[in-house]
Amino acid sequence: MARDLNEVSKEVSGFYDKLHEVLTFPGNSVQSYRTTDITPTHEDIIKDSGVKPGMKMLDAGCGLGSYDYYLTSKMDCDVTALTFSPIEFEKAKKFYMGKPVKGKLEYKLVDFHFMREAFADESFDLVTFLESFEHVYDKEKVLNDVFRLLKKGGALFIKYHFL
């Protein structure tokens, strides 16, 4: 029996809220492996995802938002970063909003299961899921929504370490 997406969202969001209440992470980044310097990982994502200056990008499942801040501090692009965890959302804003960036950086409290309702079709050049796609409950719905949100010629990049 299919579960209600709102119910699933609350469960996963609650997990991340509890995680961030008790743990801190190097570079404010939750990754599948631990490092003391997250910069090489961020640089690899920039290279591998094909992000370019001037792009409008959506990061679906941004966590604490460290990659999004790093990217916009290095490159003139517009990034909308989504999390459905209120604690991650507040921490991302606290850590990064108001700091100098070359592009535009915005954090939003939106569940990626409902991003189609939050954004107009053909709004983004690039949509990324950076170790967040494994939390997508209805993958078919989310992928269909992503392809509606992408501009013609846009791209989807999924960084996925979990089996």
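Reply: Happy to! Helices (H or I, at least four residues) and strands (E, at least two) are DSSP runs, numbered from the N terminus. The model is predicted, so local features need pLDDT of at least 70 and side-chain atom pairs count only at pLDDT 80 or more, while totals for chains, interfaces and linings use all residues. Residues are numbered from 1 along each chain as its sequence is written, and side-chain values use heavy atoms, leaving out hydrogens and water.

Let's pick serine 123, which lies in the loop between helix H5 (115-118) and strand E4. Is serine 123 buried or exposed? Because its relative accessibility is 15%, serine 123 counts as buried; buried means under 20% relative accessible area, exposed over 50%, and partly exposed in between, with a 1.4 Å probe and protein chains only. Its side chain reaches the backbone oxygen of alanine 120 at 2.4 Å. Beyond its neighbours within four places in sequence, serine 123 is in contact (heavy atoms within 4.5 Å) with Lys56, Leu149 and Lys151.

Now for the setting of this loop. The chain has six helices and five strands, in the order α-α-β-α-β-α-β-α-β-α-β. Of its 163 residues, 47% are buried. Contacts between residues 24 or more positions apart make up 72% of those with a separation of 6 or more.

Strand E4 (124-130) also takes part in the packing around helix H3: the buried residues of H3 pack against E4, and also against H2, E1, E2, H4 and E3. Helix H3 (residues 66-74) is mostly covered, with eight of its nine residues buried, including Tyr67, Tyr70 and Leu71.

That brings us to the largest nonpolar core, where a nonpolar core is a set of buried Ala, Val, Leu, Ile, Met, Phe, Trp, Tyr and Cys residues joined through side-chain atoms within 4.5 Å. This core has 22 residues, and Ile46, Val51, Met57, Tyr67, Leu71 and Tyr107 touch the most other members. H2, H3, E2, H4, E3 and E4 each give two or more residues to this core, and H3 gives the most, with four. Apart from this core lies another, of 17 residues, among them Leu58, Met115, Val127 and Val142. As a rule, nonpolar side chains in soluble globular proteins tend to be buried together.

Definitions and conventions: A polar contact is a pair of N or O atoms within 3.5 Å; within protein, one must be able to donate a hydrogen and the other to accept it, and residues adjacent in sequence count only if both atoms are side-chain atoms.
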